[in-house]
Amino acid sequence: MSELQIGVLILGGGVIALVFGFNMFQEWRFRRRTQQAFARPQDDVLLDVPKNNVRDGRSDRMEPVLVDADFDDRDDDAEPFEPLLPEAAAIAPEPPRHAAQRMEPMAAAAEVPVIDEEDDAELAMDSADHQALVVAMLDPSLDFIAEVVFHEPHELAAMPRFNVGKRTQLIGRTERGLWKVAEALPGTRYKQINISMQMVDRSGAVTEQELAAFCQQVSRFAEDHDATVSFPQRQQKLVAARELDRFCADVDVLIGINIVPKAPIEGARLRSFAEAAGLQLEPDGAFHYLADSGNTLYSLVAADQMPFTFHTLLDKTFPALTLLFDVPRVAGGVEVFDRAVYFARQLAHEFDAQLVDDNRRVLTDAGLGRIRDQLLHIYGSMDDRGIAPGSVAALRLFA
């Protein structure tokens, strides 16, 4: 065998090892993130949870399961369904709001157009447009907004960074009066920079200490750039944030429907069926059914936490699946839930499976109907609050 052949074999072996190692890393990272998000076992029921027990004074969530009344008869001695998606009840809450499952700044906010000053003559906006941009990017009902006003139009050499645990955004008003996403661009000078920190997300409400640290950092930025800064009234904002967080905890629910076949499902067959149904495999190791906007309507995961990858789908089987529906993040709500249930039933028919909860209790039409009624109540509460499911505000709050 020549040196060239030996070298090619070594190179090929190295590539295979790298691919295998990358897949193992992806599986490990997915398991770790999932375990962090769903790490607290609980056993309270959703339909009878007292309001004051949703958090019980902590940043935790109750882990609900459906009541027994709406399930088929079963053997009371049957062992719980294994393997499990962590806390995967027939209807389970979204990961605890204190879990650090942060999503980077929402795509919905990033869709606000950036306006070049060269085009400002054609794109000049009236005051209503200014306000629309401010509302789209910085929302006073969600954000604590600091206004930094420069004594003279000011060019930023670099964008400031704020060491806080919440999402921040900056917009600026140029010397020509146009609001835009603040950037450190040569020749772009600002009269004012508005800096926001989101007050509530799935990690909970901002604390007094976090808010004080943010204000100190913004004040330091203003001082360094010879500017004045004004803040909203802190205590009022803190009270409003806590109240909003309590509301979010009440409606922050993740529905999980388990699909348990008589025999493990081959990965290649599962992939073919899922893709034919319009789902696509995403980097998080789940199949997602996406809206035209790109937001997830529902997703399909392995119940044993193993991430789907092209490698695992080729040579592995899956003993159970879980269909997930993230209630407050889905526009179209109940209609999309009906579509998700229909897909779950298609899966059950295709793979000779049953729809069950985590205790191997069969989900009947009556049980699914009660979940649907619960959704109607949740979506009604969100609409009353002015936070439409799947809206920019909802995507920010439940991130």
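Student: Is glutamine 305 buried or exposed?
Tutor: Glutamine 305 counts as buried, because its relative accessibility is 14%, and buried means under 20%. Keep in mind that this is a predicted model.

Student: Where does glutamine 305 sit?
Tutor: Glutamine 305 is in the loop between β13 (296-302) and α8 (310-315).

Student: What about the phi of glutamine 305?
Tutor: Phi is positive there, about 80°, although glutamine 305 is not a glycine.

Student: Why point that out?
Tutor: Because most residues other than glycine have a negative phi.

Student: Which loop holds aspartate 226?
Tutor: Aspartate 226 is in the loop between α5 and β8 (227-230). Phi of aspartate 226 is positive, near 50°, and this residue is not a glycine either.

Student: Buried or exposed, for aspartate 226?
Tutor: Exposed. Aspartate 226 has a relative accessibility of 53%, and the exposed class starts over 50%.

Student: Let's zoom out. How many helices and strands does the chain have?
Tutor: The chain has 11 helices and 16 strands.

Student: And what share of the chain is buried?
Tutor: Buried residues are 47% of the 399 residues.

Student: Helices next. How do α5 and α6 pack?
Tutor: Helix α5 covers residues 208-224 and helix α6 covers residues 234-251. They pack at an angle of about 135°, and their axes are 11 Å apart.

Student: What do we call that arrangement of α5 and α6?
Tutor: At that angle, α5 and α6 are oblique to each other. The crossing of α5 past α6 is right-handed.

Student: Which residues meet there?
Tutor: From α5, they are Glu208, Leu211, Ala212 and Cys215. From α6, they are Arg234, Gln235 and Leu238. Sorted by class, this contact has 4 nonpolar, 1 polar and 2 charged residues.

Student: Now α7 and α9. What are the angle and the distance between their axes?
Tutor: The angle is about 145°, and the axes of α7 (residues 267-276) and α9 (residues 333-350) are 12 Å apart. The crossing of α7 past α9 is right-handed.

Student: Who makes the contact?
Tutor: Helix α7 brings Arg269, Leu270 and Phe273. Helix α9 brings Phe343, Gln346, Leu347 and Glu350. By class, the contact of α7 with α9 has 4 nonpolar, 1 polar and 2 charged residues.

Student: Where is glycine 333?
Tutor: Glycine 333 lies in helix α9. It counts as buried, at 5% relative accessibility.

Student: What does glycine 333 touch?
Tutor: Leaving out residues up to four places away in sequence, glycine 333 touches Phe325 and Tyr379. Its C-alpha atom is also 8.3 Å from that of leucine 376, which is 43 residues away along the chain.

Student: Last one. Which strand has histidine 288?
Tutor: Histidine 288 is in strand β12 (residues 287-290). The residue is buried, with a relative accessible area of 9%.

Student: What else does histidine 288 contact?
Tutor: Setting aside neighbours within four places in sequence, the contacts of histidine 288 include Gly278, Leu279, Gln280 and Glu282. Tyr298 and Ser299 are also among them.

How values were computed. Residues are numbered from 1 along each chain as its sequence is written. This is a predicted model: local features need pLDDT of at least 70, side-chain atom pairs count only at pLDDT 80 or more; totals for chains, interfaces and linings use all residues. Side-chain values use heavy atoms; hydrogens and water are left out. Axes are lines fitted to C-alpha atoms, for helices over the stretch in contact, and angles run from 0 to 180 degrees between N-to-C directions. Helices (H or I, at least four residues) and strands (E, at least two) are DSSP runs, numbered from the N terminus. Angles under 35 degrees count as roughly parallel, over 145 as roughly antiparallel, 65 to 115 as roughly perpendicular and the rest as oblique. A crossing is left-handed if the near helix is turned anticlockwise from the far one by less than a right angle, and right-handed if clockwise. Contact means heavy atoms within 4.5 Å. Ala, Val, Leu, Ile, Met, Phe, Trp, Tyr, Cys and Pro count as nonpolar, Asp, Glu, Lys and Arg as charged, and the others, Gly among them, as polar. Buried means under 20% relative accessible area, exposed over 50%, partly exposed in between (1.4 Å probe, protein chains only).
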